[in-house]
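Dear colleague,

Please find below the structure that I am handing over to you, shown with its sequence.

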Amino acid sequence: MSDVARNLETVRARIGAAAVRSGRPADAVRLVLVTKTVPPGRVRLALDAGQRVLGENKVQEGRAKAEALADAPIRWSMIGHLQTNKVKDVLRFAHEVQSLDRLPLAAALEKRLQQLGRGLDVLVQVNTSGETSKYGLAPDEVMPFLQALAAFDSLRPYGFMTLARFTADTDEIRRCFRVLHAIRARARQEAPQGERLADLSMGMSGDYEIAIEEGATIVRVGQAVFGPRPTSDSSYWPEAASGS
């Protein structure tokens, strides 16, 4: 068994245990395996171990990796900040976008999806930490955004995504996740999309068990499976570059 397969087995077991602790079945939480900076050959070790859902932060890297792994049955998720001028490229490989956070991006996605004659699963990204360096809607912007999003026929919102504050303070991490949980509860009652807004994507390698305990249905884990990245996190997370 490869180190990737062993690590993946460990992460899956911890996900299942955390789900049980939260009062849910062990298989209630989906794993998006984050492959940023990981070469295709190493990603294949995870595919050989049965992983089928992969996440990428950068469009160019994701498209190249999807082409290199085109023979494998993969569901690709775009989890990083998405610029409107990258919409055409992201739709060449991504089956969903977890980082929808503004109407111009929704409009650009809708226009291209209409041309392609297809729909797209999306999660609405919320900035629950309040850090100015992070992307995502402020909590009080979510309900108006969902109202406006109802006009886009090709977008299928099914929940929310967030990144907790990068800190050793577990109380603060939990607070961020609880904010998103409360937003979902309100949105399912008041937003046009209603009960379809069922999922919470929250938790990464350092905090995914906490996220599950706070209600996550999707976690985004990479380094816990593939090991430390050779590329600085500032290449992917603006808050890392700002020293947060």
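Predicted model: local features only at pLDDT ≥ 70, side-chain atom pairs only at ≥ 80, totals over all residues.

Helix α3 spans residues 59-68, and its buried residues are Val59, Glu61, Gly62, Lys65 and Ala66. Viewed down the axis of α3, these buried residues lie within an arc of 160°, so they line one face of the helix. Gln60 and Glu67, on the other side of α3, are exposed. The partners against which the buried residues of α3 pack are two helices, α2 (40-48) and α4 (87-90), and two strands, β2 (53-56) and β3 (75-78).

Apart from neighbours within four places in sequence, Leu113 contacts Leu91, Arg118, Gly119, Leu120, Ser154 and Leu155. Between Leu113 and Ala151 there are 38 residues of sequence separation and a C-alpha to C-alpha distance of 14 Å.

Turning to the protein chain as a whole, its secondary structure comprises 10 helices and 8 strands. A compact globule of 244 residues would have a radius of gyration near 18 Å, and the 17 Å of the protein chain agrees with this. The C-alpha trace spans about 50 × 40 × 35 Å along its principal axes. Of the 244 residues, 50% count as buried. The chain exposes about 10,600 Å², of which carbon and sulfur atoms supply 49%. Finally, there are 33 positive and 29 negative side chains, and the centres of these two sets are 4 Å apart.

With kind regards

Methods: Residues numbered from 1 in each chain as written. Heavy atoms only, no water. Buried < 20%, exposed > 50% of the residue type's maximum accessible area, 1.4 Å probe, protein only. Helix = DSSP H or I, 4+ residues; strand = E, 2+ residues; numbered from the N terminus. Arc of directions from axis to C-beta. Contact = heavy atoms within 4.5 Å. Rg over C-alpha atoms; globule rule 2.2 N^0.38 Å. Areas by Shrake-Rupley, 256 points an atom, 1.4 Å probe, with all protein chains shown as cover. Lys, Arg positive; Asp, Glu negative; His and termini not counted. Charge placed at Lys NZ, Arg CZ, Asp CG, Glu CD.
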